[in-house]
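Hi,

Here's the structure I promised to pass on. My notes on it follow below.

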Amino acid sequence: MNATRTVAVASMVAFATQVVFALLMLRLFTPQEVGEFSVISQIAFLWMTLALAQAPLTLLANHDVSAHTAAQHAWRASLLRCAGLLPIAALCLWLTQLTLWPTLLWAALLAFCQIGWMLAQSFTLRTGSHWQQAGVRVLPPLVAALTAVCMALLQNTKDWTAPTLVLSALLGYAIGAAWLVPALQAPPAAKPESAEPHAHNTPADSRSTSLRMAHTLVDATLATAIVVVWQRLYGAEETGWMMALLRVLGFLPALVHMAWAQVALAQGNSIHTHIRGWYNPWRLGLAAFGCVIALGVSCAATLSQEWLDLRWQGVWHYIAPLVLWQGCACLSAAFSHRPFQTQTTRHYSWACIGLGLVQAIVLLLPTVWHLQIDAEQHMAAFALTSSVGLLGLTVWMARLR
């Protein structure tokens, strides 16, 4: 399982680089520049996510199709969906009251390059060396951070009016997308990767495009709704407390998914020779849960020792519910490859959509019924609902054979 270790280390380095990039934004750029970049990048991310419709997972799972052919198909289909979603992206930008041109162009370029980068990560997992798997994850955020620093210094010495943050992020994503170029070239003659497509325990994604789109839409909408509802009900400060902690804790489930579940899909049947011992999904999930708890305790210690500004004391009442929620998300992520190995991906998507709708109901209840509850009670209810749902999903996936 060297691939798991490689991707895990590369993902941690990339995450650390993104943290440094975020700190550089606060240090070298004005709040207006950071705010405009955040809006543009978030719209581009939503645009990219919907256009992909979980194509990177399909690329990893369908071993009966060559990696080159699967990548080419995913690339073309994603670009077509990206073009079809153009009016929605334009509407989102119009609602933000930013200038439509050239803001829409920047968002389109970011989405285009991110699509290539996400597909390239899956492609290199199936065909690349360990160094390629690490490079495709580490180089883009590293280049973006270094470019932002250089442009910020140039901006201080010359009359520089270009959108520095957007250009640096775009360059990083473009370098990541360049790793997809070999996949778009004609594949070499080779034997089929699987002599028995969709055999027992051979990963496969049997979902229709519409189901994958629906699954993606629910996930993306829920992630956006959490921010919008919290800001509308409890204000920007409460939203900042919650999102700051959620960004830190949310890295662990993403790491488990990238370094374990995606690697398991990429390796196909060979993964079954390694699932004993430490690489058992239960052990991995529980270990990640323990790391989430450790991060929560570290945050509590930081607050109690007053190492942060006193204005961050509001994070206290978010620590316990978010630790529970993200810990359960780690368990779910550790088993998220099982539906693809057992050809139950349609059931998996419908289960995730159902859980997302239940989460949305709990999230929106105070708004719809005008309930008088504070942010602490609301988050406790939302996190408990999410945790129970994720635990149920985990038990179901663990029993799949």
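Let's start with helix α4 (residues 67-84): its 18 residues should span 26 Å at 1.5 Å a residue, and the end C-alpha atoms are 26 Å apart, so the two agree. The expected span is 1.5 Å times one less than the number of residues, and helices are DSSP runs of H or I, at least four residues, numbered from the N terminus. Among the buried residues of α4 are His68, Gln72, Trp75 and Arg81; buried means under 20% relative accessible area, exposed over 50%, partly exposed in between (1.4 Å probe, protein chains only).

Some housekeeping: this is a predicted model, where local features need pLDDT of at least 70 and side-chain atom pairs pLDDT 80 or more, while totals for chains, interfaces and linings use all residues. Residues are numbered from 1 along each chain as its sequence is written, and side-chain values use heavy atoms, leaving out hydrogens and water.

Overall, the chain has 16 helices and zero strands, and 49% of its 401 residues are buried.

Finally, leucine 364 is in helix α15 (residues 345-369). Leucine 364 counts as partly exposed because its relative accessibility is 36%.

Cheers

Conventions: Helices (H or I, at least four residues) and strands (E, at least two) are DSSP runs, numbered from the N terminus.
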